[in-house]
Structures are given as C-alpha cells and as structure tokens.
Amino acid sequence: MAGAPGAGPGAGAGGGAAAGLKTYFKTPEGRYKLQYEKTHSAVLHYSHGGKTVSQLTVAYLKEKPAGQGSAPSTPSSSSGMRSAAARLLGTGNGSRAHSFAGGNGVSRAVSGSSRIGGGLGTSTGLGGSQAVANYDGKGTYIIFNASDTLFISDLNSQEKDPIKSIHFSNSNPMCHSFDPEAKEGHDLVVGMGSGDVYSMSLRQQLQDPGRKPAAAQHYNKGDKDVTPNGSRCTSISWVPERDGIFVVSHSDGNLYVYDKNKDGSTECTFPAVKDQSQFTVSHAKSSKSNPIARWHISPGSINAISLSPDGSYLATVGRDGYLRVFDFSKEQLIFGGRSYYGALLCCSWSSDGKYLLTGGEDDLVQVWSMDDRKIVAWGEGHNSWVSGVAFDSYWSPPGSDGTGENVYRFGSVGQDTQLLLWDLALDEIVVPLRHPSSGSPTFSSGSPSAHWDNACPPTGVLQPSPRMRDVPKLSPLVAHRVHVDPLSGLVFTNDSILTICREGLIKIWVRPGQSENNQEPNTSEFVLGNPALKDRMITSSNKASGSSFRQPSSVLA
C-alpha cells in the first residue's frame with residue numbers, strides 16, 4: 001500500500017490555476033465547478049505540539065427565537081423535547097437561495113466589506129476591531145481549525161478570509177462539532193490536543209469582538225488514574241436526539257460521554273482500566289460529574305467516531321484497524337470488523353442508518369451493512385491513505401422516478417490529494433453475495449462459516465477482514481485531484497461539495513446547475529429535518545446512469 005505523503009508547502013496560498021489543477025470535474029449528471037475558496041490569513045503559531053490537521057464542520061445556525069436575549073445562555077438544565085419546527089429551523093437558510101454572492105443575510109453594522117475585518121463588518125481578531133454585526137438570523141458557516149486557532153467563515157460569502165478567529169492559549173483545537181438542533185445554550189463543542197473540551201455558543205462567538213472563546217464552558221475529563229498527562233482528543237460529536245449529550249474520543253483508546261447541561265467543574269475520576277484489550281464502561285459516581293461516563297474501546301488510539309442519524313448507534317475506528325459499532329443506549333458492542341491493512345482513519349453513516357463507510361491506511365473505502373453486520377463492498381481508487389468519507393444524502397440519480405433500484409452516492413478524499421465519487425447500487429450488490437466465487441471467509445473463532453451470503457456474525461464479536469474475492473469491488477465514478485496538499489475531509493451540502501486539506505484550504509465545488517441557477521430555493525433545511533425526504537433522495541432509481549457493478553470507466557477530470 002502507498003505510504004502517506006507529507007504535507008506540501010503553500011497549501012493556504014495556492015489556487016487551482018496556480019497549482020495546475022482543473023477547476024471543474026465531470027459526472028454523469030453534469031459538471032461540478034470550483035466556485036471559490038476559503039482559508040485563513042493569520043500567521044500561525046505552533047507552540048502546542050507542532051502542526052495539526054485541519055478539520056471541517058458546516059454549521060446551520062437557525063434564527064434566534066423571539067424574546068431571547070442578545071447573549072445566548074450558558075449550559076442550562078432545561079431539556080424539553082425538540083419540536084419539528086426546531087428541526088426545520090436548525091438546518092439551513094430557510095427559503096433563501098445560496099446566491100454565493102453575499103452573506104447569510106446578516107444585518108451589518110457598517111456597509112461594504114473589509115479584507116481586514118473579514119467582509120461582514122465584524123471583528124475577526126485577525127486585525128483591527130470593527131463594528132459588530134447582528135447575527136440573530138439564520139446562516140450557514142464553515143468552522144475549521146489550524147494550529148492554535150479556530151476559524152469561522154460565512155459559507156454564502158465569496159470572501160476568502162474568515163469572519164472570526166478564536167485563539168486558544170493552552171492547546172491546539174483538534175476536532176469540533178455543531179448541533180443544529182440545540183434548543184438553547186451551547187451548540188459548538190471543541191476537542192483539544194491537551195484532552196480538554198470546550199463548549200460554547202456559535203452565535204455568541206460571532207457577536208463577540210474578542211479573540212478568546214466567549215462564555216465558554218471548560219471540561220477536563222480528570223481521568224488522572226489512567227492518563228496523568230491527558231490524551232489528545234481525536235474526534236467529537238453531538239448525539240442526535242439526545243438533548244445536550246456529546247461524546248469525545250481520545251488517543252489513549254477511551255471515549256467520554258458529556259452532558260452540556262451539567263457543570264463541568266466537579267472533580268471526576270474513573271477507575272484504572274485493568275485490561276486494555278477489553279471493552280468496558282465506567283459511570284461517574286457523582287450525579288454532578290462531567291463527563292458522565294467513560295468507555296474504554298481499545299488499547300490504541302480511536303481515530304474517528306460517528307453517530308447514526310437517530311443516535312441509536314455509535315461507530316468508532318482506530319489504530320488497531322477495527323471498526324466497532326455499539327448500541328449507544330445499551331452500551332453494548334454490536335459487531336466489528338477489520339481493515340485489510342493498517343489503521344482505519346475515518347467513518348460515516350448513510351442518512352438512513354443502514355450503511356457505514358470506512359477508510360484508512362489500506363487505501364480502500366469499505367461499505368458495511370448494519371443488517372448483515374459485515375462488509376458488503378469495497379472500493380479501490382486511492383493511491384494513498386483515505387482520510388475522509390461521507391454519503392451524499394442530497395444527490396439523486398439523473399432521470400430517477402423513484403421506482404427503480406436503490407442507489408447511494410458517496411465520496412472519499414485521501415492523502416493522494418484526490419476526491420473520488422462512487423455509486424453504490426444495492427440491487428447489484430446482492431448478486432455476488434448470493435453466489436460467492438469460491439470458499440467462505442473464516443470468522444474469528446477459526447471455524448469456517450456455512451456460506452458468505454448466509455453468515456451473520458454473532459453479537460459482540462470482532463471479525464477479521466474477508467477475502468477480497470468474496471466481496472464485490474467498486475470502481476470510482478469520478479477521480480479528481482482537487483488540492484495540492486493531502487486532504488483531511490469533505491462535506492456534502494445541498495448546493496455543493498466542500499473539501500479541505502490538512503493545511504486549512506477549503507474549496508467549494510458547486511453542483512451542476514447551481515452556478516447558473518442560484519435563485520432556486522435552498523431546500524437543505526427540509527432534507528435535513530425530514531427523514532422521509534432524505535430517504536427519498538437516496539432510494540431513487542438509477543436507470544440513466546448504470547449500476548455500481550456494471551460500471552463505466554472512471555471519469556478522470
């Protein structure tokens with residue numbers, strides 16, 4: 001397998017044309033075009049452990065409820081049920097079009113734009129202090145980290161520089177997550193290289209003119225018996241449908257569960273892990289403690305986590321090369337499986353919770369089925385480690401009428417600087433599984449299974465990787481070199497695909513037809529807020545574009 005290349009120089013400064021990269025790539029449904037780029041213009045300081053890998057979060061900020069004060073509340077004990085209206089409001093810019101020409105409808109305190117201030121007339125901490133804008137309305141923002149700073153950019157503005165920067169003096173931010181359904185209080189959580197965690201209000205950060213986190217809650221897991229010097233946060237995520245609950249994974253193989261509605265200042269100590277190879281769960285002894293629980297997952301680092309859309313299942317991938325899927329409420333391991341080689345680095349759920357993607361150091365993308373509890377397809381196309389995977393829940397096949405085969409579109413990015421798009425046709429996946437080429441894979445017990453198509457692993461057992469010839473192979477629909485430097489993540493939105501490299505350069509690739517028709521209403525809020533619509537978008541027919549197992553040659557853009 002190809003080794004991971006080192007980060008190249010000048011990621012933040014190089015545009016597509018300057019680097020000899022094409023500013024578009026073709027798919028069966030049309031051409032994706034590079035609309036614009038986002039990055040940071042600050043001089044970075046590497047005083048807390050050297051360089052960090054930039055990660056990307058897209059935040060859909062809903063309109064502030066009427067009667068709420070200008071400053072969002074701190075963690076509250078209120079935990080009422082989320083309403084359908086809150087779900088809809090928390091997921092997009094309403095019926096506004098993604099015009100890509102202006103901001104998020106922010107009420108500016110000054111007219112015009114300023115390169116120093118970030119283009120929205122608000123202080124960014126990058127230089128100079130300007131009049132503060134009013135961020136009470138809806139908006140879509142990009143959150144990304146670089147060195148010791150967290151940056152916030154307006155997705156709907158062509159301004160390249162961030163509108164806000166948040167500096168951390170004690171450590172580097174490593175990962176972050178936004179909760180679009182937060183009813184009140186803090187909706188943004190940030191995991192640090194020191195192992196500490198901060199929660200804060202995104203709106204309050206935008207409104208505050210300073211460079212420090214505004215009214216942030218600081219959590220320290222306090223697991224002194226196990227890691228006296230702390231351990232790096234590797235991934236962080238809110239738990240869907242659980243008001244105020246979020247989870248943080250660490251490089252020591254532990255995962256912690258937090259409740260934002262509890263004070264984080266209470267001392268919390270968990271017992272030492274007796275067997276590093278065993279999955280164990282420990283709960284805080286005090287009801288006032290935060291974190292409220294520790295899950296010991298593996299002896300090595302947990303590299304990434306992902307929660308199913310309904311919050312029922314938690315997936316983790318780690319240094320040991322295993323995907324593990326847990327029932328979150330029952331705190332029980334459901335199943336797990338191994339990569340073909342090396343560590344797994346990333347994972348992501350389909351919007352219906354039926355499939356999982358993983359990628360890692362074997363340069364492959366693997367598709368896992370929750371029903372079958374195993375790999376049902378693997379994709380080959382990257383030339384180096386796969387660092388980001390995601391399903392595209394906004395995509396539907398060209399000419400689909402909703403009566404044909406189920407098709408999923410997903411994407412992957414790697415340290416080979418490439419973005420790959422894939423189509424997964426479920427009706428085609430069944431055929432090779434029902435007729436395995438020869439033999440059957442061997443499970444962890446060492447005894448052969450009856451047949452690969454009939455085998456469903458028992459609950460709680462980690463499986464070895466099956467032989468490649470027993471699992472259908474996917475080929476990428478599109479392979480496009482999108483950055484100069486190794487990539488670290490991708491995000492699909494209703495209008496575009498966002499890619500980010502390790503150095504913090506973000507590119508927005510607008511979907512076919514969007515650049516010419518920017519006045520179409522943005523329906524992202526309805527898609528994210530309505531599971532039925534999400535399912536409809538990914539279960540349409542693919543009669544016009546062919547199947548995943550009768551694939552045309554890859555489109556090399």
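Rings of Phe, Tyr and Trp (its six-membered ring) are paired if their centres lie within 6.5 Å; planes under 30 degrees apart are stacked, over 60 edge-to-face, and the rest tilted. By this criterion, the whole structure holds 19 aromatic pairs. The model is a predicted one, in which local features need pLDDT of at least 70 and side-chain atom pairs count only at pLDDT 80 or more, while totals for chains, interfaces and linings use all residues. Residues are numbered from 1 along each chain as its sequence is written, and side-chain values use heavy atoms, with hydrogens and water left out.

Two of the pairs are set out below.

| Pair | Centre distance | Plane angle | Class |
|---|---|---|---|
| Phe144 and Phe151 | 5.4 Å | 25° | stacked |
| Phe279 and Trp295 | 5.7 Å | 65° | edge-to-face |

Burial is judged by relative accessible area (1.4 Å probe, protein chains only): buried is under 20%, exposed over 50%, and partly exposed in between. Phenylalanine 144 is buried at 0%, and phenylalanine 151 is likewise buried at 0%. In the other pair, tryptophan 295 is buried at 1%, whereas phenylalanine 279 is partly exposed at 25%. An aromatic cluster is formed by Tyr355, Phe391, Tyr408, Phe410 and Trp422.

Over the chain of 557 residues, 57% are buried. Helices (at least four residues) and strands (E, at least two) are DSSP runs numbered from the N terminus; the chain has five helices and 33 strands.

A nonpolar core is a set of buried Ala, Val, Leu, Ile, Met, Phe, Trp, Tyr and Cys residues joined through side-chain atoms within 4.5 Å. The largest one has 31 residues, and Phe25 and Ile142 have the most contacts inside it. Strands that each supply at least two residues of this core include E2 (30-38), E4 (139-146) and E31 (496-501). The most is given by E31, with four residues.

Glutamine 55 lies in the loop between E2 and E3 and is partly exposed at 27% relative accessibility. Its C-alpha atom is 9.4 Å from that of glutamate 503, although 448 residues separate the two along the chain.

Strands pair if DSSP finds at least two bridges between them. An open sheet of mixed pairing has five strands in the order E20-E21-E22-E23-E28. E20 (344-349) and E28 (473-474) are at the edges with a single partner strand each, so one side of each has no neighbour in the sheet. E20 pairs with E21 (residues 355-360) in the antiparallel sense over five bridges, and cysteine 347 has threonine 358 in E21 as its bridge partner.
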